[in-house]
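Colleague: I am new to this structure. Could we go through it together?

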Amino acid sequence: LKKHFPVNPNAWLTGRLNRVLRAVDDVSFDIAAGETLGLVGESGSGKSTTGRLVLRLIEPTSGAVKFQGEDLARVEQEHLRRMRRNMQIIFQDPQASLNPRHRVEDIILEPLYAQGERPSARLTNYAGDLLDKVGLRRIHAQRFPHEFSGGQRQRIGIARAIAPRPKFIVCDEAVSALDVSVQAQVINLLQDLQEELGMSYLFIGHDLAVVRHIADRVAVMYLGRIVELAPKSDLYNRPHHPYTQALLAAVPVSHPRMRRTRSRLHGETPSPLDPPAGCHFHPRCPFAQDVCRSETPPLRQFASGHQAACHFAETVVSVAPPLV
Ligand code: SF4
Ligand code: MG
């Protein structure tokens, strides 16, 4: 999948678009039924754009998105509308994503209204059931979003996402705005619902500790590309990419004797408008060689399903000390 945006800060002078932001640059992955794929990276790495592409909320520059074997770009509009039932999204900021003038009942039934259903006693009852499911009270259906805490509002966002009984949900920084204790509750809720309803998640986040909690496999993005993708335990225990290692080294460990002394990520993230040639990570990479400055490392497959885009992944994984 690729998503390139034309940009030109001086377009008003030259009348031409002459630069391209490669927000998502040749990304490829799959998610199995009932699986959670974590997608991590710093802001500007292309995670949210990837999530929107996957739901076809934005059009890709090139590439395909297949859902249950059907290419979303090729199905008829009417069929796509019906498929949307099965593909929902939960946003980072529940405050911004819930219409302040709508009652909770109408907010959580919105995806059903979008499918052509009309308000009814049956739907009102169903809205109550959904509130039960996400740990709120049925009576809350008649209230407005501002009457709830951040964590409760995110539960409302979750009730809305599961209302059409989807097969797949993109959770875009779904818990990032919440306090740590509330984060844990919402993650547990997402896991319980996944088990009960058999859904798949694309769980987008920047906090590796949170993603570790919920994901089965994890993909790491850097400047529009996936640099590493592996089953969770492999990724966290044997990172093959120097960027993943640096991210993991920056995860705070509370016990003083467990405190990690490995080098933190140094240097600023380069602008995605002007990424370094070859391996985008080379200016910050302690393993970089000449070849890294000119040749883009392909995503290579290693044992146990581990994929990494580094010319020297074998060296990286063998010299790196264990993280804990
Ligand atoms: Fe570092 Fe080179 Fe690997 Fe990129 S390809 S991560 S610069 S060693
Ligand atoms: Mg984002």
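This is a predicted model: local features need pLDDT of at least 70, side-chain atom pairs count only at pLDDT 80 or more; totals for chains, interfaces and linings use all residues.

Modeller: In helix α8, the buried residues are Gln183, Val186 and Leu190.

Colleague: Where do the buried residues of α8 fall, seen down its axis?

Modeller: They lie within an arc of 70°, so they line one face of the helix. The face turned away from that buried side carries the exposed residues Ser181, Glu195 and Glu196.

Colleague: What covers the buried residues of α8?

Modeller: The cover includes α7 (150-162), β7 (168-172) and α9 (208-214).

Colleague: What span should the 18 residues of α8 have, at 1.5 Å a residue?

Modeller: Helix α8 (residues 180-197) should span 26 Å, and its end C-alpha atoms are 26 Å apart, which agrees. Just after α8, Gly198 has a positive phi of about 65°.

Colleague: Turning to the core, how many residues does the largest nonpolar core have?

Modeller: It has 72 residues, and Ile108, Ala159, Cys171, Phe203 and Val220 have the most contacts inside it. At least three residues of this core come from each of domain 1 (32-215) and domain 2 (237-324).

Colleague: Which residues does Cys171 touch?

Modeller: Leaving aside residues up to four places away in sequence, Cys171 touches Ile90, Leu190, Tyr201, Phe203 and Ile204. Leu190 is one of the buried residues of α8.

Colleague: And confidence: where does pLDDT stay under 50?

Modeller: That is the case over residues 258-263, for which the model has 9 contacts beyond four places in sequence. The protein averages a pLDDT of 90, and 91% of the residues score at least 70. The model scores ipTM 0.96 and pTM 0.91.

How values were computed
Residues are numbered from 1 along each chain as its sequence is written. Chains are lettered from A and ligands numbered from 1 in the order in which they are written. Helices (H or I, at least four residues) and strands (E, at least two) are DSSP runs, numbered from the N terminus. The expected span of a helix is 1.5 Å times one less than its number of residues. A residue is buried if 20 or more other C-beta atoms lie within 10 Å of its own, exposed if 12 or fewer, and partly exposed in between; C-beta atoms are placed from the backbone. The arc is that of the directions from the helix axis to the C-beta atoms. Two residues are in contact if their C-beta atoms, placed from the backbone, lie within 7 Å. A nonpolar core is a set of buried Ala, Val, Leu, Ile, Met, Phe, Trp, Tyr and Cys residues joined through C-beta atoms within 7 Å. Domain bounds come from an automatic or database domain assignment. pLDDT is the predictor's confidence in each residue, from 0 to 100.
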